[in-house]
Amino acid sequence: MNDPKVTLPFPREPKYGQAEKDAVLKLLDDGHLSEINRGPATNALEAAFTRLTGTRHALSLNSGTASLHAALHAVGANPEAGVAVSPMTWISAITAVFQAGSYPVFCDIEPDSPNIAATAVAQSADECSAVLATHTWGIPARMDQLAKATELPIVEDCSHAHGAVYQGRAVGSWGAAGCFSLQESKAVSGGEGGVLTTSDREIYERALTLGHHPARLAAELTFPELWPLTGTGAAYKYRMPAVSAVIARQQLRSLPTRMLAAEQNLATLRKALEEYDAPIAWPSIGELSVRGWYGTPLTISARVPDPRALYEQCKAAGVPIRSQYEDWTQTPLLQRPDLAARYWPHLAASPYRLPTRDALPNYYKALRQMIVLKVPQVPASDYMEQVAEALATVLARAVLTA
Ligand SMILES: *Cc1c(COP(=O)(O)O)cnc(C)c1O
């Protein structure tokens, strides 16, 4: 007998619809693609992000990486003390720490989530100047526990979690600053782009000095110690193109509908997988919380003897699986300070320590036991039923051979 396979195509709508097209055409008609000040496109997007997150300020930048650099700079990351990070994130959320003049201190993730653990942060806090917490795969990090674990400023990397809420409060509003990538694979795309959110005026202004135009600095800087930078800024070119801003503005409008469809699709999948008794531990998002969408992590509760084979079997069965991030801690850039110091000379004299596997048991367990699915953002219950049947069959086999 043939194993069940997913035969329906992955349900999706075109990434950019009529609203995005109209917005771009209008921008071209207006004739301004470059806003050196807080022009109409920039202003509309920034205002929309303050509404999404409930923060006082939002600053548009030209990438998520730039927003991380700006946020880490603004909260005071420095060469004498590191920044607590988890390895389960995109590499930018590690290299931005170098870029901001500091170095990463790797902390383990929680046993039951893909996010940095408050206990690990508490242990590393003495050697750190800040914490960088990614809401990995859209699962909100436990921000209340992180805040209890340390007095250090926390920067949230919300690049997987646009629109997510933790305990009644939007991600991007819990920490000293929130950072969102608008790169095309993210739930809100501007093609490229980034947004920094904060309710702290000083953090906002310091972030502004890093890469915005003197015209905007002159209009907005209020802190006397930043005034000397008004005419120059500090060297980077981090402004968002207006075309990215108007596209992302429209993507934000459709976000709630897409999140709801994804939520329903995941519920269909979960119900079906529970009926198949599939060995999966479902992430607990918690009360008054809403997850974001950038892949859906599922933890296999039986031992997975060969994670690579499981991945290949899922692919072969048409299960919409995505690969996990590679283990950044073991890459040459992180293991060879001489290499990293070519780009960031401050590292030559920094207390950076090479990451070791022993310090990250939950992370290595998750690399073996976790798969990450793509969930459609349009109604797709038939498709999800097919995925559930195919995945349950693959898992039953993987567990049998365990
Ligand atoms: C995409 C991403 C980034 C980087 O964003 P860019 O816009 O590509 O610079 C940073 N952190 C995480 C977690 C991401 O997924």
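This is a predicted model: local features need pLDDT of at least 70, side-chain atom pairs count only at pLDDT 80 or more; totals for chains, interfaces and linings use all residues.
Helix 3 covers residues 64–75 and helix 7 covers residues 201–211. Their axes come within 8 Å and cross at roughly 125 degrees. Why does that make them oblique? Angles of 65 to 115 degrees count as roughly perpendicular and those over 145 as roughly antiparallel, with the rest oblique, and the angle here is roughly 125 degrees. The crossing is right-handed. On the helix 3 side, the contact is made by His69, Ala70, His73, Ala74 and Val75. On the helix 7 side, Ile203, Arg206, Ala207, Thr209 and Leu210 take part. Sorted by class, this contact has 6 nonpolar, 3 polar and 1 charged residues.

Helix 3 has another partner, helix 4, residues 92–99. These two pack at about 45 degrees, with their axes 9 Å apart. Helix 3 and helix 4 are therefore oblique as well, and their crossing is right-handed. Thr65, Leu68, His69 and Leu72 of helix 3 meet Ser92, Ala93, Ala96, Val97 and Gln99 of helix 4. That contact divides into 5 nonpolar, 4 polar and no charged residues.

Now the ligand. Which of the 16 residues around the ligand come nearest? They are Gly64, Thr65, Asp157, Ser181 and Lys186. For Lys186, a polar side-chain atom lies 2.9 Å from an oxygen atom of the ligand. Asp157 places a polar side-chain atom 2.6 Å from a ligand nitrogen atom.

Notes
Residues are numbered from 1 along each chain as its sequence is written. Side-chain values use heavy atoms; hydrogens and water are left out. Axes are lines fitted to C-alpha atoms, for helices over the stretch in contact, and angles run from 0 to 180 degrees between N-to-C directions. Helices (H or I, at least four residues) and strands (E, at least two) are DSSP runs, numbered from the N terminus. A crossing is left-handed if the near helix is turned anticlockwise from the far one by less than a right angle, and right-handed if clockwise. Contact means heavy atoms within 4.5 Å. Ala, Val, Leu, Ile, Met, Phe, Trp, Tyr, Cys and Pro count as nonpolar, Asp, Glu, Lys and Arg as charged, and the others, Gly among them, as polar. A residue is near a molecule or strand if one of its heavy atoms lies within 4 Å of it. A polar contact is a pair of N or O atoms within 3.5 Å; within protein, one must be able to donate a hydrogen and the other to accept it, and residues adjacent in sequence count only if both atoms are side-chain atoms. Angles under 35 degrees count as roughly parallel, over 145 as roughly antiparallel, 65 to 115 as roughly perpendicular and the rest as oblique.
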